[in-house]
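I opened my notebook to look up aromatic rings and strands. My entries follow the structure.

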Amino acid sequence: MSETNPPAEPGRFLRLGLTVALLLLAADQASKLWLIFGTNLRLTWPWEITPFLDFTVVWNRGISYGLFQQETDTGRWILTSVKLAAAVVLLFWLKRAETRLEAVGIGLIIGGAIGNAIDRIWHGAVFDFVHFHVGDFSWYVFNVADAAIVIGVLAMVASPLLTFRRGADAS
């Protein structure tokens, strides 16, 4: 690192990442609880929101894209444990985050992982409800936590690339 771009002090962005994680977790759980208990979506799905977006009901007992479906309690608790362990590992990573973007990305992933783990604990599966489709093309059904995890990964990938570019521009 150059003198114009000193390394970040450890924990500098911890509060930012934790705030993002908590806000995302609240938004994820609020959206799920409202749709499950505050509407009749469970009885009247799908709801057409736009010609390419529906709200629907999918209980995902697997991981992303419905892979590794688990029908047993053992599988459910293994997946829950993996999600929570990932959140703990990411918390240590967050303490070492060097940029705001990296901290936001990690926070989004932590909040999403915990949000989906809560679903597994309370419901035995993750509640997915957003369905994008265009013609015969259908994207997988997801929720706020899933979207945050994807955005968080993109932010984490972009962060060092942007930092490298800024360092190259300063040279």
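I began with F142, which is buried at 11% relative accessibility. Buried means under 20% relative accessible area, exposed over 50%, and partly exposed in between, with a 1.4 Å probe and protein chains only. I noted that this is a predicted model, where local features need pLDDT of at least 70, side-chain atom pairs count only at pLDDT 80 or more, and totals for chains, interfaces and linings use all residues. Residues are numbered from 1 along each chain as its sequence is written, and side-chain values use heavy atoms, with hydrogens and water left out.

Next I looked up ring pairs. Rings of Phe, Tyr and Trp (its six-membered ring) pair if their centres lie within 6.5 Å; planes under 30 degrees apart are stacked, over 60 edge-to-face, and the rest tilted. I found eight aromatic pairs by this rule. Why is the pair of F55 and F129 edge-to-face? The planes stand at 85°, with the centres 5.4 Å apart, so the pair gets that label. F55 is in strand β2 (residues 53-60) and F129 in strand β3 (residues 126-134), so the pair ties together parts 74 residues apart in sequence. Strands (E, at least two residues) are DSSP runs, numbered from the N terminus. I found F129 buried, at 3%.

Back to F142: with Y140 it forms a tilted pair, 5.8 Å centre to centre and 50° between planes. Y140 is partly exposed at 22%.

Last, I checked the strands. β1 (residues 47-50) runs antiparallel to β2, joined by three bridges; strands pair if DSSP finds at least two bridges between them. T50 stands opposite L53. A hairpin links β1 to β2 through two residues.

Notes
Helices (H or I, at least four residues) and strands (E, at least two) are DSSP runs, numbered from the N terminus.
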